[in-house]
Amino acid sequence: EELTAAGATTLVDFVVKAGLAETLSGPGPFTVIAPDNDAFAKLPADLVATLTGDVELLKKVLLFHVVSGMAVMSKDISNDMTVDTVEGSPHLVNVYLKSKYYDGFVTVNGKR
């Protein structure tokens, strides 16, 4: 529901296709680190076809973008913060240029 309300409908479609809707609707908290619909639209069509054609691969990719057991809010992020994904890989999170005048920006594994 929260992803749909945030306008992440492409992500929701992928979550449903991977059979993860019930899991991610269950007790959390969960933090989903994922692109918006515009970013999904920029993916090559053959990549999307590969992912949607292989449910296990799609599930693995989606779970790489989910942190379970904690709600990670942007205000709580500190430099060199490491969080483990449900898939099992760690994410290195950093915040840059944060000051009393500027909110800064967050990177995950070096990407904005």
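Is glutamate 56 buried or exposed? Glutamate 56 is exposed, with a relative accessible area of 54%; exposed stands for over 50%, buried for under 20% and partly exposed for values in between, computed with a 1.4 Å probe and protein chains only.

The model is predicted: local features need pLDDT of at least 70, side-chain atom pairs count only at pLDDT 80 or more, and totals for chains, interfaces and linings use all residues. Residues are numbered from 1 along each chain as its sequence is written, and side-chain values use heavy atoms, leaving out hydrogens and water.

**Accessibility of selected residues**

| Residue | Relative accessible area | Class |
|---|---|---|
| Glutamate 56 | 54% | exposed |
| Lysine 59 | 24% | partly exposed |
| Histidine 65 | 24% | partly exposed |
| Tyrosine 101 | 69% | exposed |

Side chains of opposite charge can pair when their charged atoms come close. One salt bridge is counted, the term being defined as a side-chain nitrogen of Lys or Arg within 4 Å of a carboxyl oxygen of Asp or Glu. Lysine 59 pairs with glutamate 56, and their closest N and O atoms are 3.9 Å apart. Both residues belong to helix α6 (residues 55–63), where they are three residues apart, about one turn of the helix. Helices (H or I, at least four residues) and strands (E, at least two) are DSSP runs, numbered from the N terminus.

**Cores**

In soluble globular proteins, nonpolar side chains tend to be buried together. A nonpolar core is here a set of buried Ala, Val, Leu, Ile, Met, Phe, Trp, Tyr and Cys residues joined through side-chain atoms within 4.5 Å. The largest such core has eleven residues, including Ala8, Phe14, Ala18, Phe40 and Leu62. Helices α2 (9–17) and α6 each supply at least two residues of this core. A second, separate core has eight residues, among them Ile77, Met81, Val93 and Val95.

Alanine 18 is in contact (heavy atoms within 4.5 Å) with Val55, Leu58, Lys59 and Leu62, leaving aside neighbours within four places in sequence.

**Histidine 65**

Histidine 65 sits in the loop between α6 and β2 (66–68). Not counting residues up to four places away in sequence, histidine 65 touches Thr31, Val32, Ile33, Ala34 and His91. The C-alpha atoms of histidine 65 and histidine 91 are separated by 8.9 Å, and the two residues are 26 residues apart along the chain.

**Tyrosine 101**

Tyrosine 101 is located in the loop between β4 (90–96) and β5 (105–108).
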